[in-house]
Amino acid sequence: MSFDGLRELFDTVNRNRLRTALTALSVAWGIFMLVILLAAGTGLERGVAHNFRDDAVNSIWIRPGKTSLPHAGHTPGRSVQFTNDDMAAVSRSVSGIEHITGRFYLWGEYFVSYGQEHGSFDIRGCHPDHRYLEKTLMLAGRFIDDLDIEKRRKVAVIGPEVRTALFKGKDPLGEYVKIRGVNYRVVGVFEDEGGQNELRKIYIPISTAQLVYHGADRLHHIMYTVGDASTEASERMVAETRALLARRHDFSPQDRRAVNIQNNLQEFQRIKQIFDWIRAFVWIVGIGTIFAGVVGVSNIMLISVQERTKEIGIRKAIGATPWSIVSSILQEAVLVTSAAGYSGLVAGVALVEFVSKTIPENDYVRNPEVDLRMALVATFILVACGALAGLVPAVRAARVKPVVAMREE
Amino acid sequence: MNDPPLITLDRVNKSYRMGASTLHVLKDVDLAVGRGAFVSIMGSSGSGKSTLLNVLGILDDYDSGSYTLDGTPIRELSERRAARYRNRFIGFVFQSFNLLAFKTALENVALPLYYQGVSRRERNRIAFSYLERLDIADRAEHLPSELSGGQKQRVALARALITQPKLILADEPTGALDTDTSYRLMELLREINAEGITIVVVTHEKDIAERTQRIIRLRDGRVVEDAAA
């Protein structure tokens, strides 16, 4: 298009400012809302993904409970107590287990000291595989290993907060910390994304914990991961585990309170499903918004052409070809919708960026962001539809005989 | 003159469909207008004079017969060609002026050249010279709403002339003007005609028609009289 044509175009756009502004507004609003919707969807999804990132999503957690059904002569209300043998049996009999660990808690916070420094921290006994279940990352040294378990070594792996509190920047590896009067050698420092609480933990070999803190062979939790098993496979493993433990502890396999088995994979899949729905919803609303924008554009183009029938007649009388009429109307539609769509896009992205930077960290929304390509495609669709919407009345107007057109007032 | 006439109509018929009935507007119209003629078409409303003008101006189609303009048969032209002929051959002057309200006098006059692809600077220069010729150059930057009827019609006339057409078609050009202004416009048309441009004026006013060289009377779609004024 020539500069002259452009000038002619701006002339017409400028002439009816209100109409142009309204068209532009409906388009800009459509794109703006779409951007916000898409960003909100992404943000929500990331928020949930964030909540899960601390623990392996493919893990199954088994906690002992109290029987609730009478079984084999036993009255309900018995407490179930896990032992090392239970874990060994689960590990042996349930197929598909990737990593397995027990947990032994030292209830309450323990007084821990190093030289003059001290603090109260949470102590957990666990197996080496525990690191896979909590997605523990090593910052320095190593995690608990099999030899630690076998030899019941008094070694400790500490969280970054423990290191800061006790060592004040000193290298903790090889140093001894005192946990309730017992010395442990620090062999590693870990990092966990699970939040503040996880960073204040101290892990010790589960065998050591059981020995030192009078645990005998008792376990508080058994946890394992299922690898890349499907939800169905993980459910089968849950059933197998429950049946096995029911046999070993003499409770009814129907008794769901005797042991509490939490299948994170299933949970994760369920939430993923919710997100599939949310995403579908976002798309439906988004398409609806775009559609509304298209309807708005068509409407205004229709009115615009109607309004200009006489002008079109005059132009045709003095030599405008039908194509020059159609193309000028189309160009106007494209110019207005693309400029408006672009501003809507920019405004939407700006708002999303602003919100993303200012909202406090929370559990629901994280890093709302727009897939720019998707937003651009949406804008393009809207512009194309706007042009198409303008095309129909434009072609009709260009076909009208100049005489007829000029007669209209 | 030995030249073939600029306009030749041979048994031209035209009817409009009005719902179920058809309105036969032009009935076997024969007409020849020579080059350089200054003709008026008279008739009461409904006589078919406007329709005839629209056919002559390639603004409207006709049903049967033949129309030849400057040796070119005008029949079932594509919209594109019709637009080109209108642009190159014919200048229009309308009763209601038909100026574009949002464009200045100068831009209105220059518009036909826009469709010929003439550059903005060039067409504005030419448009200005026509405004000067019609003695309204001082109104060049005014919008039509700021002009009097006579001024508007002179702007419209300048617009009709700017493409140097062979034919000027004027549809009741004085219909919206007072008598004095009307006479002045007819005087202008006569001057333009004197330069060799063929002019056809449609009017129902006898005194206007008498200011042309030849009067063609239409009644009920037929030519009933064709005589020198």
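This is a predicted model: local features need pLDDT of at least 70, side-chain atom pairs count only at pLDDT 80 or more; totals for chains, interfaces and linings use all residues.
Which strands of chain A are included in what covers the buried residues of α6(A)?

**View 1. Helix α6 of chain A and its cover.** Helix α6 spans residues 160-167 of chain A, and Val162(A), Arg163(A) and Leu166(A) are buried in this helix. These residues lie on the same side of α6(A), because the arc they cover around the axis is only 100°. The cover over the buried residues of α6(A) includes strands β3 (100-114), β4 (117-126), β6 (155-158), β7 (176-179), β8 (182-191) and β9 (201-205) of chain A. Following α6(A) is Lys168(A), with a positive phi near 50°.

**View 2. The nonpolar cores.** The largest nonpolar core holds 114 residues, among which Val35(A) and Val109(B) touch the most other members. With residues up to four places away in sequence not counted, Val109(B) touches Ala127(B), Tyr130(B), Leu131(B), Val155(B), Ala158(B), Arg159(B) and Ile162(B). A second core, separate and made up of 46 residues, includes Phe104(A), Ile179(A), Val226(A) and Met237(A). In soluble globular proteins, nonpolar side chains tend to be buried together.

**View 3. Pro76(A) in its loop.** The loop between β1 (59-64) and β2 (82-83) of chain A contains Pro76(A). This residue counts as partly exposed because Pro76(A) has 15 C-beta neighbours inside 10 Å. Apart from neighbours within four places in sequence, the contacts of Pro76(A) are Thr67(A), Ser68(A), Leu69(A) and Pro70(A). Ala258(A) is 182 residues from Pro76(A) in sequence, while their C-alpha atoms are 9.3 Å apart in space.

How values were computed. Residues are numbered from 1 along each chain as its sequence is written. Chains are lettered from A and ligands numbered from 1 in the order in which they are written. A nonpolar core is a set of buried Ala, Val, Leu, Ile, Met, Phe, Trp, Tyr and Cys residues joined through C-beta atoms within 7 Å. A residue is buried if 20 or more other C-beta atoms lie within 10 Å of its own, exposed if 12 or fewer, and partly exposed in between; C-beta atoms are placed from the backbone. Two residues are in contact if their C-beta atoms, placed from the backbone, lie within 7 Å. Helices (H or I, at least four residues) and strands (E, at least two) are DSSP runs, numbered from the N terminus. The arc is that of the directions from the helix axis to the C-beta atoms.
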